[in-house]
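Open the model in your viewer and keep the selection panel at hand.

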Amino acid sequence: MEYIELIVATIFVNNILLAQFLGNCPFLGTSKKMETAAGMAMAVIFVLVMAGVITWVIYAWLLVPYKLEFLRTIAFILVIASLVQFVEMFLKKSMPALYAGLGIFLPLITTNCAVFGVCVLNIDKEFGFMQSLVASFGYAAGFGLALILFAGVRERILLARVPKPLQDTSIALVTAGVLSLSFYAFRGMV
Amino acid sequence: MVIAILVMLGIGAACGIILSVASKVFYVYEDPRISQVEYFLAGANCGGCGFAGCGAAAVAIVEGKASPGICVAADSESAINIAGVMGVDPGTAEPIKSLNTCSGGDRAVDKFIYNGAMSCAAMATLYGGKRVCSIGCMGMGDCIKACKFDAIHMGPHGFPVIDEFKCVGCGACASVCPKNLLSVKSMSQRLLVFNEEDQALAPCQQTCPAEIDIPKYIHLIKEGDYEGAVNTIRERNPLLLSCGRVCPHPCENYCRRAIEDDEAVSINQLKRFVADYEMNSGRRYPISCAPDTDKRVAIIGGGPAGVSCAYFLRRLAIIPRFMKTCPNWVASPAMAFPNTDCPTRFSTGKSRVFSTWGLMCTTTPAWGVISPFRACEKKAMTPFSWASVPGRTTNWAFLGRISRASGRGSISCLQSRIRRKSAFPSANARPLWAVGTPPLTV
Amino acid sequence: MAKSIVAEFTKGLWKEIPPFRLVLGLCPTLGVTTSMKNGIGMGLATTFVLLCSNILVSLLRKVIPSKVRIACFIIIIATFVIVVEQMMAAYAYTLFMDLGVFIPLIVVNCIVLGRAEAFASKNGIATSAADGLGIGVGFTLSLASLGAVRELLGTGSLKGDIFGFLPYHFSNIFGSSFEPFGFAVQAPGAFIALGLMLCAMNLIPSK
């Protein structure tokens, strides 16, 4: 029950894109087409779950015992960057089909603040191992959901007549605001 | 402090070791040239080359199944770089661009309210789309979504507009359009196509002897894009300044607005206006030419027909050279249309355009041996026979030969068209095209 | 030389001002601008990191091998982020708590990495420093203005201080009958306010 609550909280109530504002650069960048958005969402779910678990392990078993919590930022970014590289090599060798789908998105994930942000949030909220795992998945699924919903809306905006100054990023942000408003309704659920 | 350094070193070393072990364990052999070739490709994964993405194209190039210049999105420099990697000759190709032939858009009213999936493919399955026009653009923007280069946008009137600077001619838009309205063609392919009588074009455009896209240039003038209008006219007619003054404008007789209860649009005056605008602006708007070939053509006479001929040949990358007696370089308008108010600046302006194209003119008396009949008569020289000059041919024979050699209909279409319509200015032709198999230069 | 330093500095203030002209670094822009105070604090922290990382990257640009340059840049940036994090925890604790996760997130702010990669790794120290400072000040101004707009609409007043200095307090700017528009300081308001400000910027020609 606790985990179900956590999943609902991370996907809907504290949606990482629309309520926490993490990972907004890829949110605007890769949401122009549904295909790209879906690829990016899958890649983020894949990497984020692994990164959430590994950084939790590093933090709890390595940094805390030696009282090195202040090194969190640099240690995490190092681990995430290496992880992404590792996943890329691993996929290329053992799952070429999956690599063909996700490959071009993987390098983008290193500097995706959603991944890094979730790892830091897991620590800040003092989650245990299982909680970190579930929360990482929930946040990533929330990222994917919001991204895919937004891509669907943006494909429609493409056909609408938008006043010149509002075009491109500007109308996308206002749309994201409306989408965020609909997620706002989940507030108070958990 | 020491522990901090040690831990960071430990993490760094562990990551480094894992990655280097992984790079050995998960090593996949690749020809090193593949990554080099891929580096020079555009990386857009557009599929315009016919392969599934840039990676596949790079593999094909390295395996010798594709030429270094297949990437439609990259510039010629990258083709040269790839050729350098592969050690072969890059080869050149004329750039191709996408063109949307439908400019109806919102002008066609809707027959029903469509609430289905926002895609042309879906809409086309439902009674051929919501608009009453069953052959035109449906405006759902499948082509916009298909474009990887951000080169197509929904225009203000409900049909997509192509940005020719961004378009690389990958053909993705053409392949998704359910109405087959978009086509990807090179400039010379477009130049050689003439309107068919069964094509549903605007009456003015169908009537124009030069087949200028009149609705398009009037629209561009309305938008204030005079440069675009000039280039639209010049696509079909290089002498817009003089034609703007002397054209009998049959287009205006067929203007729908005249048949309804209004006056015809002053199409010709608008042409004159943009032509004057270009002349007075002091700038000459460039127009695309096919990559140079080594073919040479001599043109006798620099009147309207000769100039048009040179213009179109130059755009098809055949370098023309004028042979004429008049010392005044391209004196055509003043001489051909003496009773108009043609500005005298015209000829100098025109000559600047022509010299930027690398057209050459010879007004040497040596040519008199062959060319001006008058000279022959006065000096009572040996009567000159056309047939006796080696390598000489008339335009009809020349065109016929090309159409037979190429086996394609476009040139013969051009030829029959000229015969049928006696179109101004490209026809009306006195014998003035000559081609030499050994280049006929003086 | 002096002229180009000035030019590098001023381009960040208008021509390439993030996140309006250079649409990067949206997460902190949206996340922390619930008040002008937070906006300025975040902006200054980012400016510090930008300036220091630009200088260090520019100093080391001939030493760093190009294959691992991105990793090196990230490590350099992460180091300065930790410095900022520790400094703020020590001297501006309430601000540190307000900004929360967004302070360590400067590491993955594309503006910082982008300037290191696109500018500092190719230019001298003085111009890189000017570039970092200009972009940073521009970013601070953007965050401050967005924060001010949202705070004004959301609460009707502006109050706070800049790192404990320069306290300012303007209450009830719209008069006492103004009903605060709470939406503006909530999450959806961030997107819409930024979108509309971007629209306003687009109305002004960029030249």
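Two rings of Phe, Tyr or Trp count as a pair if their centres lie within 6.5 Å. Keep in mind that this is a predicted model.

**Stop 1: an aromatic cluster.** Select F21(A), F27(A), F150(A) and F191(C). These residues make up one aromatic cluster.

**Stop 2: a pair between chains.** Across all chains, the rule gives 15 aromatic pairs. Select F90(A) and F26(B), one pair with edge-to-face geometry. Now colour by secondary structure. F90(A) sits in helix 4 (residues 72-94) of chain A, while F26(B) sits in the loop between helix 1 (2-25) and helix 2 (32-40) of chain B, so this pair joins two chains. Buried or partly exposed: which is F90(A)? F90(A) is partly exposed, at 29% relative accessibility. F26(B) has 17% relative accessibility and is buried, because the cut-off for buried is under 20%.

**Stop 3: a pair inside chain B.** Move to Y226(B) and F273(B). This aromatic pair is also edge-to-face, with 5.2 Å centre to centre and 90° between the planes. Y226(B) belongs to helix 11 (residues 226-234) and F273(B) to helix 15 (residues 267-281), so the contact ties together parts of chain B that are 47 residues apart in sequence. Y226(B) is partly exposed at 23% relative accessibility. F273(B), at 37%, is partly exposed as well.

**Stop 4: the interface of chains A and C.** Show both chains as surfaces. The size of an interface is often given as the accessible area lost when the parts come together. Here about 3000 Å² is buried between chain A and chain C, and carbon and sulfur atoms give 82% of that area. On the chain A side, select F21(A), P165(A) and L173(A). They lose the most area to chain C, together 20% of what that side buries. The contact involves 40 residues of chain A and 37 residues of chain C.

Stop 5: How many salt bridges does the rule find between chain A and chain C? There is one. Select R72(A) and E85(C): they form a salt bridge, with the closest N and O atoms 3.5 Å apart. Five residue pairs are in polar contact between chain A and chain C.

**Stop 6: the helices behind the chain A side.** Helix 2 (24-29), helix 4, helix 7 (113-124) and helix 9 (169-184) of chain A each supply at least two residues to the side that touches chain C. Finish on helix 9 of chain A, which gives the most, with 10 residues. By class, this side of chain A has 25 nonpolar, 12 polar and three charged residues.

Definitions and conventions. Residues numbered from 1 in each chain as written. Chains lettered and ligands numbered in written order. Predicted model: local features only at pLDDT ≥ 70, side-chain atom pairs only at ≥ 80, totals over all residues. Heavy atoms only, no water. Phe/Tyr/Trp six-rings, centres within 6.5 Å; stacked < 30°, edge-to-face > 60°. Helix = DSSP H or I, 4+ residues; strand = E, 2+ residues; numbered from the N terminus. Buried < 20%, exposed > 50% of the residue type's maximum accessible area, 1.4 Å probe, protein only. Contact = heavy atoms within 4.5 Å. Buried area = accessible area lost by both parts, 1.4 Å probe. Salt bridge = Lys/Arg side-chain N within 4 Å of Asp/Glu carboxyl O. Polar contact = N/O pair within 3.5 Å; in protein donor to acceptor, adjacent residues only side chain to side chain. Nonpolar A, V, L, I, M, F, W, Y, C, P; charged D, E, K, R; others polar.
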